[in-house]
Amino acid sequence: MEIADFVVVGSSGGGGTISWLLAKAGFKVVVLEQGADIAQPLEDTLANPLDANGNIDEESLKYNPYSHDEYRFRLKRPDTKRRLRGENNNFSSSAAVDAAPFGGAWTASVLGGGSIIWGTWSFRALPIDFRLRTHFAATGQLHKLEKEWGYSIPDWPVSYGEMEPFYNVAETLLAVSGDRAAVNAAVRNSAWYKQFSKLDYFRKAGNWQPKFPFPCPPYPITPVGDFFWKGAEAAGQHPVPLPSGMVAPGTPSYKTRAKMQEALKFARPGGSFWKQSAEKIWSDRVRSACNLCGYCGEYLCWGKEGPKSSSRFSTIKELRDLPNAEIVTNAKAYEVIYDARIRRATGVRYLDVSDPDNPRPFVQRARHVIVACGAVQSARLLLMSGPPAGLGNSNDQVGRYALFHLFGLGITATLPQKFQGILHGEFGHTGNTTSFEPYFVKDDVTKSDTAGLWWKAGTMTSTAKKNPLENADGKLRGKSLIQRPLLAAMEAYNRTLEVRLTADDLPMASNRVDLDPAFVDEYGFPVARITRNFGGNEQLMFQLVESRLRKTCDLYVKKGILKDADITFGKAIVDLIGDHQMGTCRMGDDPATSVVDRNCRLHEVPNVFVVDTSFFPTGFGLNPMVTTVANALRVGTWIAEQSKRGNELD
Amino acid sequence: MSTQLDDPLTPELRDTLTSLATGLFGLDAWVKEATKYKPAGDLPWRALGHTFTPADLAVIPFFENLLRESSGDDDLGVRWAAVTASPLKFSPLPNVDSWRKNRGLSNPPKFGIVKSGNVWLTDAVGNVISRVTFYTPCWPLLKGVVDARRKAGAVDWALLAADLLANKAPEWPNTAQPPSSAFLVQFASDMLYAMLGMRASAPEPWRRAVSIELGEYRHPGNEYTSRDTGAAVKKFQATAGI
């Protein structure tokens, strides 16, 4: 395409979603994805699911075990599904320490991005997540958080109410399996909710009890999920089936169009795009149901028709049908081209790395640029573009307030030998049942000035051990185990499970992404340097949550199944920067303290948008995918609407 | 090189590695332990008089395939060596030095891919190498160790494996590259892949025999229903007494 209306860099939940919406709205769209299309072999080997009469051919929906390969998807190096072969990020826990290359802070580098290999935990944010500043100001904790601990906690410029209709559509696209009534009850019955729901600002933050039903029934409970469910109930919590972005096992083939129709009937988002009928919006494609094969997190789902939700198997498939859209894979973007005379971007430079030994430079001209490469790489791309300070970075805000959640925070319990072969970690995805009880945690541990107050955490979820080869290899390499001790460790893994907290790390300006002054990638571009440390709230969490996590095992301790020694507590690890990366291009109304406006447009360059997780002002303590997709729908709708009204976006 | 890759191991080396793999894991003694978990079903390796060894699982043919498949890693090593020597060599920017200077990137450029861990095998100085290149210097050293033990009598392969892991085999000097411990860990890792990766050429159910003995039911091509999860939950609850 010579000149596109939009060039979109990245194809995950943000880029993959907004590119579809804009192309469907009639714009010329080019998507640049630096990775390959690893799902293509599935499509090459399986037949079309619709027969000549347009009926579903069930045979063609059968699984393809091509991707059932633990070594290839979890151990093999270079791990080119995560990052291009010659790429790395650098990490430092402090600006005073030289950053060093490390393996973290990647989601994925494939068509569909992180949505291909994610764990499918599908939460929408809670209303108070959009008003955290208001909340902590009301409770009197804001001074401590900001003045003493150094956080900067803004309210979001958009409200839960603005996001809600897009959440419904996002959950429809992601075919979320879940039990809405149970989720609502779990929230309603949590101690923190009972504490705060009496307060006016809290109640008015948004609809705490949404009625929109999840498009799929709840995912089946597994033994690991049941372990947590019973233990959490006994501890006074309110566990629920984990909302999961997968077509629930046993449900009829998922018809997105019909589900979209239901979502639009329930609450049609504003904007002319959504006034169209579902037939105009979505094709008659069907998706197959999950077969619980268990190769989910980090793997390419077996199904050609996407039982596991991803942009690759939903919006990108639809996009491919459109004559006004083009997808370019193996396209490593390295500059948003900026014309200083008109203060506008004019396109993107990229390398075609189909043959990585012989990359070829290309330019894609466009009237607008959408950056959606994940929070780390989006910041890097902006900092490599435009003026020396970086594109949209006059106020030194690009890359700041990076958020990664607290990964590794949880307990690991190893059950006795009679449970060998009983837990069935192979069923379905990693998580299964969850609890909102620790969304805010009261300090009943310390005797400091934080005592008696409620601090931000997240959700607690059962997680199964699913990768025996990776575990065995780790025990061999990490602990030099061979022979019977190695076999014993392999046996124990089968009886082990985790209860994991996905918790907020609150935004600090010093937690940031910038360009490493020394290290470069294969093509000589500076790698991203991530400086990240834990603040006071995170440090406090390490003290507060251990007893709460352990309580979920009390039932089993009382029954003599577990001893305290069988349960180990793991604090979050500062450089265990997992798949949740957010912040770096904060959304806000004030250009002095944020990078993009409420419509995710750079304050300084009005024809450049950032539509992935980078815009998140705060991080929820929840998997960000549903919010990312919902926001991409919101921003895409705004763009389409502005254009329809004849407004120049630039 | 092509001959080496067509037939990477000699018959003698195959025998040695098969025995070493047996000593590495002790599978036969493991499955015969009285208190060990006994998986359901009529499993052929548990038949009376049968010995359960890695050879049953076709691990050495799998290993030979692995040597062939990963031989291309040497090319990547050459590439990384070139980038390490001149980190801006492949930059598409017309004036990369001034571009860097403008952005305050004044430190001498470095390439950190090995340190980042996105490589599989390296030599002593950090060059990326293939499995074949890694193992090639190991074979004569291993032969020296085995020959010396054979002269002293029957080889205790479990002891030999432990000695290699501890760098305690006198015939494998501590100055050698790679050290015997690095060899043993890599070989054991490849054997684990052969046994747990479930892609070796052994027939079913042998291909996943180790997984079955561990109580791991996951395997390529598996699929389940909510009936399976329901039954498993009931069994879990019965075992836990809840």
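## A sheet in chain A

A:Thr412 stands opposite A:Glu498 in S19(A). The model is predicted; local features need pLDDT of at least 70, side-chain atom pairs count only at pLDDT 80 or more, and totals for chains, interfaces and linings use all residues. Residues are numbered from 1 along each chain as its sequence is written, while chains are lettered from A and ligands numbered from 1 in the order in which they are written.

Strand S14 (residues 410-414) and strand S19 (residues 496-503) of chain A run antiparallel, joined by 5 bridges. Helices (H or I, at least four residues) and strands (E, at least two) are DSSP runs, numbered from the N terminus. Two strands pair if DSSP finds at least two bridges between them. In chain A, 6 strands form an open, antiparallel sheet in the order S6-S15-S18-S19-S14-S22. Strand S6 (240-241) and strand S22 (567-570) of chain A are at the edges, each with a single partner strand, so one side of each has no neighbour in the sheet.

A:Pro241 lies in strand S6 of chain A. A:Pro241 counts as buried because it has 23 C-beta neighbours inside 10 Å. The cut-offs, with C-beta atoms placed from the backbone: buried means 20 or more other C-beta atoms within 10 Å, exposed means 12 or fewer, and partly exposed is in between.

Neighbours within four places in sequence aside, A:Pro241 is in contact with A:Gly178, A:Asp179, A:Ala182, A:Pro218, A:Tyr219, A:Ile221 and A:Thr433. Contact requires C-beta atoms, placed from the backbone, to lie within 7 Å. A:Phe273 is 32 residues from A:Pro241 in sequence and 33 Å away in space, C-alpha to C-alpha.

## Where the chains meet

The contact takes 68 residues from chain A and 65 residues from chain B. On the side of chain A that touches chain B, elements giving two or more residues include helix H3 (70-75), helix H16 (468-479) and strand S20 (512-520).

Strand S20 of chain A also runs parallel to strand S1 (residues 110-111) of chain B, with 2 bridges joining them. There, A:Val520 stands opposite B:Phe111.

## Helix H11 of chain B

Helix H11 (residues 180-196) of chain B has 17 residues. From first C-alpha to last, H11(B) reaches 24 Å, close to the 24 Å expected at 1.5 Å a residue. That expected span is 1.5 Å times one less than the number of residues.

H11(B) is largely enclosed by the rest of the structure, because 12 of its 17 residues are buried. Among them are B:Phe183, B:Phe187, B:Asp190 and B:Tyr193. Just after H11(B), B:Met198 takes a positive phi of about 60 degrees.

Notes:
Contact = placed C-beta atoms within 7 Å.
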